[in-house]
Amino acid sequence: MAQGKSSTLSHLYINGIFGCYLLEDAIRQTKVAGHTCIPEGSYKLLLNTWGEMNKDYLKRYPKMHKGMIELSGIPNFKAIYLHIGNTINDTAGCPLVGSWFNMVNGEFEVYQSRLAYERIYPVLAKLMALGPVQLTVTNQHLF
C-alpha cells in the first residue's frame, strides 16, 4: 500500500493473482465512518442483497450482479462494500476498485473502475458460491 495526503492505494489479490488496485481513505488508528481505510485483519466476504447501492448495481449489471460484495466483521461497521469510484470523495469509507492509478495533487486516484469491477466481481462471486472467502488487509508499504 501507498499513502497520499488523505488517500491509501493498495492491491487486491485473488488466490495470489493481482486483481485490481484499491483506493481508500487514510489509515487511522480508529476507524471513522466514511473517512478511514479498512483496519488490518481478515474479513469474510458476503453478498449483501439489501440497500440502495445493491438496487443501483442490480440495474447497472442485471446479468452479473448477485449482491454487493461486503467486507463483514469490521468492528463497529457494516455495509462496507467493494465498489466503483475514482477518488476518495467516492469512497464513503469503502474500498474502490481500479484498473490503474495516478497521483493528483498529493492524492491517489484510480481509473477504469467499472472495468476493474466487471473483471473481479464475477471471480469473487464464483468463489463465494463455492464456500467462505476471506479478504486479508495488511498495511505493508509498497512505495
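Is Leu 23 buried or exposed? At 0% relative accessibility, Leu 23 counts as buried, a term that means under 20% relative accessible area, with exposed meaning over 50% and partly exposed in between (1.4 Å probe, protein chains only).

This is a predicted model, in which local features need pLDDT of at least 70 and side-chain atom pairs count only at pLDDT 80 or more, while totals for chains, interfaces and linings use all residues. Residues are numbered from 1 along each chain as its sequence is written, and side-chain values use heavy atoms, with hydrogens and water left out.

**Stop 1**

Strands (E, at least two residues) and helices (H or I, at least four) are DSSP runs, numbered from the N terminus. Seven of the nine residues of strand 3 are buried, so this strand is largely enclosed by the rest of the structure. Beyond four places in sequence, the contacts of Leu 23 (heavy atoms within 4.5 Å) include Ser 7, Ile 88, Leu 96 and Phe 108. The C-alpha atom of Leu 23 is separated by 9.8 Å from that of Ala 2, 21 residues away along the chain.

**Stop 2**

Next, display the open sheet of five strands, whose order is 1-2-3-7-6 with mixed pairing; two strands pair if DSSP finds at least two bridges between them. Strand 1 (2–3) and strand 6 (83–84) stand at the edges with a single partner strand each, so one side of each has no neighbour in the sheet.

Strand 2 runs antiparallel to strand 3 and is joined to it by eight bridges, with Ser 10 partnered by Leu 22. Two residues separate these strands in their hairpin, where Asn 15 takes a positive phi near 50 degrees. In strand 7, Val 97 is the bridge partner of Leu 22, and Gly 98 is that of Tyr 21.

**Stop 2: a second hairpin**

Select strand 8 (residues 100–104) and strand 9 (residues 107–111), which run antiparallel and are joined by five bridges. Met 103 stands opposite Phe 108. The two strands form a hairpin with two residues between them, and Asn 105 in the turn has a positive phi of about 50 degrees.

**Stop 3: the nonpolar cores**

A nonpolar core is a set of buried Ala, Val, Leu, Ile, Met, Phe, Trp, Tyr and Cys residues joined through side-chain atoms within 4.5 Å. The largest has 31 residues, of which Leu 71, Tyr 117 and Leu 124 touch the most other members. Its largest share, seven residues, comes from helix 2. A second, separate core of eight residues includes Ala 2, Leu 9, Leu 96 and Phe 108.

**Stop 4: the largest pocket**

Finally, select His 11, Leu 12, Tyr 13, Leu 135 and Thr 136, which lie nearest the centre of the largest pocket among its 27 lining residues. A pocket is an open set of points on a 1 Å grid over the protein atoms alone where a 1.4 Å probe fits, with protein on both sides within 12 Å along at least five of seven lines; lining residues have an atom within 4 Å of a point. Strand 2 gives the most to this lining, with six residues.
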